[in-house]
Amino acid sequence: MASHYEAPIRRPLVLGEKSYHDVSVDVARPVEGQANRAWWIVFSISLIAFLWGIGCIIYTISTGIGTWGLNKTVGWAWDITNFVWWVGIGHAGTLISAVLLLFRQKWRMAINRSAEAMTIFSVIQAGLFPIIHMGRPWLGYWVLPIPNQFGSLWVNFNSPLLWDVFAISTYLSVSMVFWWTGLLPDFAMIRDRAVKPFQKKIYSLLSFGWSGRAKDWQRFEEVSLVLAGLATPLVLSVHTIVSMDFATSIVPGWHTTIFPPYFVAGAIFSGFAMVQTLLIIMRKVCNLEDYITVQHIELMNIVIMITGSIVGVAYITELFIAWYSGVEYEQYAFLNRATGPYAWAYWAMMTCNVFSPQFMWFKKLRTSIMFSFFISIVVNIGMWFERFVIIVTSLHRDYLPSSWTMFSPTYVDIGIFIGTVGFFFLLFLLYARTFPVIAQAEVKTILKSSGERYKRIRESGGSLVGTGADERTSGKRISAESTPTEPRATDISDGAASEKTNALLQSIGTFDPSTQTADDLKRISGVGPKMEEVLNSIGIYTFLQVSKMTKNEYDLLDSITGSFPGRAERDDWAGQAKNLIN
């Protein structure tokens, strides 16, 4: 007789047994509500860094790039190091969303929006550096093949620097369309929830008339797949072209065919690490712990571990190629990196990029939020050092010993870089207060609250017969005991609940029908007819009572009703009641 096998219910990607309404409220809260203290702290730090960078950029343009630590040998140095670093970070965002969409991975739905926004904001930072490096940014149009209206412009189409312009602008355009397309259902959701006419008008324009019809969804899915298919090869091409800036030269340490795949692997590695950094910050700042879960963090850590190992293999291959080539200049270039005056940067790169991701083999570490945040920062530091090592150590000692020199960044160099970091986080924080950071329509397709309910019934020894939500298949409605999403007005009169009810009413006050008039509690968002009936049965009739609720009272209310845990606090019933009183 065959043994019985019961398939396990997979871990839910959305915690808290959310309903569809819960998802809409949670996703819309950062846009509709007030910014919390954590958001203001991070925003203030980013703003200070951004203003410092603006000051350094103005000083550089007004004085000249001689304010940087450039010299006759190291002409790229800090500026192009930061450019390549930002371009690398911009790769993983669209790649995560596009590839995981093509492979139908459901865990992408909570992180794809932040990843796509990260792509756009990081490419903006990357584009700043070549423009500033020109020394005369007002002549930046010279790199474009435009009609010669301002004199003879001879654009060199053989230059990889010009390829960069086309590749990055194309990648940015496709990424923005891909990002905006995914936002349409969320803009429509904010539009439908908006109360102020101006806000409703703005989000109506942003949503491009999205109505949620079947035809809309069909076109949405088709366009998303096409854009994902376009974006994936673009990810590979853009950083391949960036690597050609180096590989087409004759500088020792650069002139190698491994650079294209090596740069792509490093870009994906650094991009995933930055996505991890942003996710951990956003889940705290926007209170999205139920949507960006430890499971998401763990899966991202696994990808970081794999890509970090690929980068480690690339480093070893690079050393082997230099040794096997028999070219003494190549051999010295890599020996100088490991043992020369910049050896500290080389070993910092190896430690951060090769060794630190190996900690993710241990489940306890890769499921730790703080450790994951620390490693993501370490990886980003390591990838910056990789670009620094490639550029500076290859240039500061070239074929002529008489031109050997050392490079040291000035405070202007450092200030501009810090300014772009602040600008990046500033854009991201403002984006989180304006656009939904979670793809709510897609997240609603993976809710597992019903599966978890059936699992609890089964584990408690109950029968699943008759527990379906549809009368046509179950023969009866779901009982109040088995459904946590139905308010239990009948259970409030028992002993334990009576004590909690008395404690709650002592805190918020009692209702006197002889001197007071009951308010329409349904005017509070999140309170329907059934919930109003439950609140009335407890003794809550007025906005004044609701306005006095704090964390303690919210918890008491949840324990009394046994339904919608955390709903009152998430919807800020007390704040809504105060506004209605005023």
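This is a predicted model: local features need pLDDT of at least 70, side-chain atom pairs count only at pLDDT 80 or more; totals for chains, interfaces and linings use all residues.

1. Thr119 has a relative accessible area of 0%. Buried means under 20%, so Thr119 is buried.

2. Now find where Thr119 sits: it belongs to helix α4, which covers residues 112–133. Trp86 and Thr119 are separated by 33 residues in sequence, and their C-alpha atoms are 9.3 Å apart in space.

3. Next, turn to helix α13, residues 369–395. From its first C-alpha to its last, α13 reaches 39 Å with its 27 residues, close to the 39 Å expected at 1.5 Å a residue. Even so, α13 has a kink of about 25°, centred on Val389.

4. Please check the start of this helix as well. Ser368 caps the N-terminal end of α13, with a side-chain oxygen 3.3 Å from the backbone nitrogen of Phe371.

5. How many residues of α13 are buried? The count is 21 of 27, and the helix is mostly covered.

6. Finally, see how α13 meets a partner. Helix α8 (residues 259–285) packs with α13 at an angle of about 145°, and their axes are 9 Å apart. The crossing of these two helices, α8 and α13, is left-handed. Sorted by class, the residues in the contact of α8 with α13 are 15 nonpolar, 7 polar and 3 charged.

How values were computed: Residues are numbered from 1 along each chain as its sequence is written. Side-chain values use heavy atoms; hydrogens and water are left out. Axes are lines fitted to C-alpha atoms, for helices over the stretch in contact, and angles run from 0 to 180 degrees between N-to-C directions. Helices (H or I, at least four residues) and strands (E, at least two) are DSSP runs, numbered from the N terminus. A crossing is left-handed if the near helix is turned anticlockwise from the far one by less than a right angle, and right-handed if clockwise. Ala, Val, Leu, Ile, Met, Phe, Trp, Tyr, Cys and Pro count as nonpolar, Asp, Glu, Lys and Arg as charged, and the others, Gly among them, as polar. The expected span of a helix is 1.5 Å times one less than its number of residues. The bend at a residue is the angle between axes fitted to the seven residues ending there and the seven starting there. Buried means under 20% relative accessible area, exposed over 50%, partly exposed in between (1.4 Å probe, protein chains only). A polar contact is a pair of N or O atoms within 3.5 Å; within protein, one must be able to donate a hydrogen and the other to accept it, and residues adjacent in sequence count only if both atoms are side-chain atoms.
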